[in-house]
Number of protein chains: 2
Amino acid sequence: MQISSRFTIAIHIFCCIDTFKNEKITSEFLASSVQVNPVIIRKILGQLKKAGLVQVHRGSGGAEISKPLDKITFLDIYKAVECVESKGLFHFHENPNPTCPVGRNMHSILDERLEHIQQVMEDELASMTLADVKKDLDKILGNDRT
Amino acid sequence: MQISSRFTIAIHIFCCIDTFKNEKITSEFLASSVQVNPVIIRKILGQLKKAGLVQVHRGSGGAEISKPLDKITFLDIYKAVECVESKGLFHFHENPNPTCPVGRNMHSILDERLEHIQQVMEDELASMTLADVKKDLDKILGNDRT
DNA sequence: TCGTGTTGTAATATCAATGATTACATTTTT
DNA sequence: AAAAATGTAATCATTGATATTACAACACGA
């Protein structure tokens, strides 16, 4: 299975908030840039808020980013929006036969390797920050004035 | 979302076939070690066969591994059983608004980075072979005689 | 060649997660 | 009080995973 589009939508949201920081960023506005339902945006904003990455203003509306962009990594965002993340990247078949010498040892053979693969992926996610993507975006926007 | 248990089941299957290579390995036998339905085993064996990793004998029954264990990597198995793999690890929201300067550029900003993360994970999968896990299993079985 | 055991596969069913949508209570500001 | 937003619950459709039943196709031994 694929990692939920909540992840790329969240990055999109951050880019919008930072790019249009002079305007009021409502879920309606974000929904129109991402082209999804505003409720999806609100749910994701809620997860990002819970993770301490954004502040959302109830009633008056608007969202802001809580930290400098270079202090927010892809891993922070991934962990904020991937709800099942606690179960790990790999889905293990849970009940191998304990009376089979192979079945009863599958976990001890595989767990460490699978965790290592997950760790490598998360290290990679941790190495990328929103500042990196914003820099690329600004470069493009310089040549792409509307 | 998580990577399907087909992946760990497939590794389990290889371990069984190799460990019990003196016996006839039927889908029934494998199903009892993994503790899933035999049809699930047959489907996975079908995928592994299509990838050229095993041979399955129709009618008479039995399965064999097609290559030396150190020539079969986790990545080979992952690609064989992860049907959606062609779509990539990350699910992109497909229709960002082309009239928004941020929306219209999300793909060019993110694609390369997401592909890189996926590549790093696949490289890691490619670095592990069935020979590695079989070695660990044999070590355990030496101390775990039944 | 007939019977038995096995694989390949279709058809269904259940369950969980995603994403879309409607509705509305709550909150803030004017 | 009215207007504009957010937070959230409730539903729904769709998709993928896994389980299960059923059966045709196949291989081999008696």
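Predicted model: local features only at pLDDT ≥ 70, side-chain atom pairs only at ≥ 80, totals over all residues.
Me: What rotation and shift superpose chain A on chain B?

Reply: Two copies of a chain are related by a rotation about an axis and a shift along it. Here a rotation of 180° with 0.0 Å of shift along its axis places chain A on chain B, with an RMSD of 0.0 Å (least-squares superposition on the C-alpha atoms of residues with pLDDT of at least 70 in both copies). This is the relation of a two-fold axis. The same surface serves both copies, since 100% of the contact residues of chain A recur in chain B (contact means heavy atoms within 4.5 Å).

Me: How much area do chain A and chain B bury between them?

Reply: The size of an interface is often given as the accessible area lost when the parts come together. Chain A and chain B bury about 5400 Å² between them, 67% of it on carbon and sulfur atoms (accessible area lost, with a 1.4 Å probe, summed over both parts). In chain A, the residues that lose the most area to chain B are Met1(A), Gln2(A) and Arg113(A), together 14% of what that side buries. The contact takes 59 residues from chain A and 59 residues from chain B.

Me: Which polar interactions and which elements make up this interface?

Reply: Between chain A and chain B there are 23 residue pairs in polar contact, both residues being at pLDDT 80 or more (a pair of N or O atoms within 3.5 Å; within protein, one must be able to donate a hydrogen and the other to accept it, and residues adjacent in sequence count only if both atoms are side-chain atoms). The elements giving two or more residues to the side of chain A that touches chain B are helix H1 (6-19), helix H2 (27-34), helix H5 (106-126) and helix H6 (130-142) of chain A (helices are DSSP runs of H or I with at least four residues, numbered from the N terminus). H5(A) gives the most to that side, with twelve residues. By class, the side of chain A that touches chain B has 32 nonpolar, 19 polar and eight charged residues (Ala, Val, Leu, Ile, Met, Phe, Trp, Tyr, Cys and Pro count as nonpolar, Asp, Glu, Lys and Arg as charged, and the others, Gly among them, as polar).

Me: How many salt bridges occur between chain A and chain B, and how many over all chains?

Reply: A salt bridge is a side-chain nitrogen of Lys or Arg within 4 Å of a carboxyl oxygen of Asp or Glu. The count between chain A and chain B is two, and twelve are found over all chains. The side chains of Asp136(A) and Arg113(B) meet in a salt bridge at 3.0 Å, N to O. Within chain A, Lys134(A) pairs with Asp18(A), the closest N and O atoms being 2.8 Å apart. This pair links distant parts of the chain, with Lys134(A) in helix H6 and Asp18(A) in helix H1, 116 residues apart.

Me: Which residues are closest to DNA strand C, and which of its atoms are near the protein?

Reply: A residue is near a strand if one of its heavy atoms lies within 4 Å of it. DNA strand C is surrounded by 27 residues, the closest being Ser4(A), Ser5(A), Ser27(B), Arg42(B) and Lys49(B). Of its atoms within 4 Å of the protein, 63% belong to sugar or phosphate and the rest to bases.

Me: Which element gives the most to the surface near DNA strand D?

Reply: H3(A) gives the most, with three residues. A phosphate oxygen of DNA strand D lies 2.7 Å from a polar side-chain atom of Ser27(A), and a base oxygen of DNA strand D is 3.5 Å from a side-chain N or O atom of Arg58(A).

Technical notes:
Residues numbered from 1 in each chain as written. Chains lettered and ligands numbered in written order. Heavy atoms only, no water. Buried area = accessible area lost by both parts, 1.4 Å probe.
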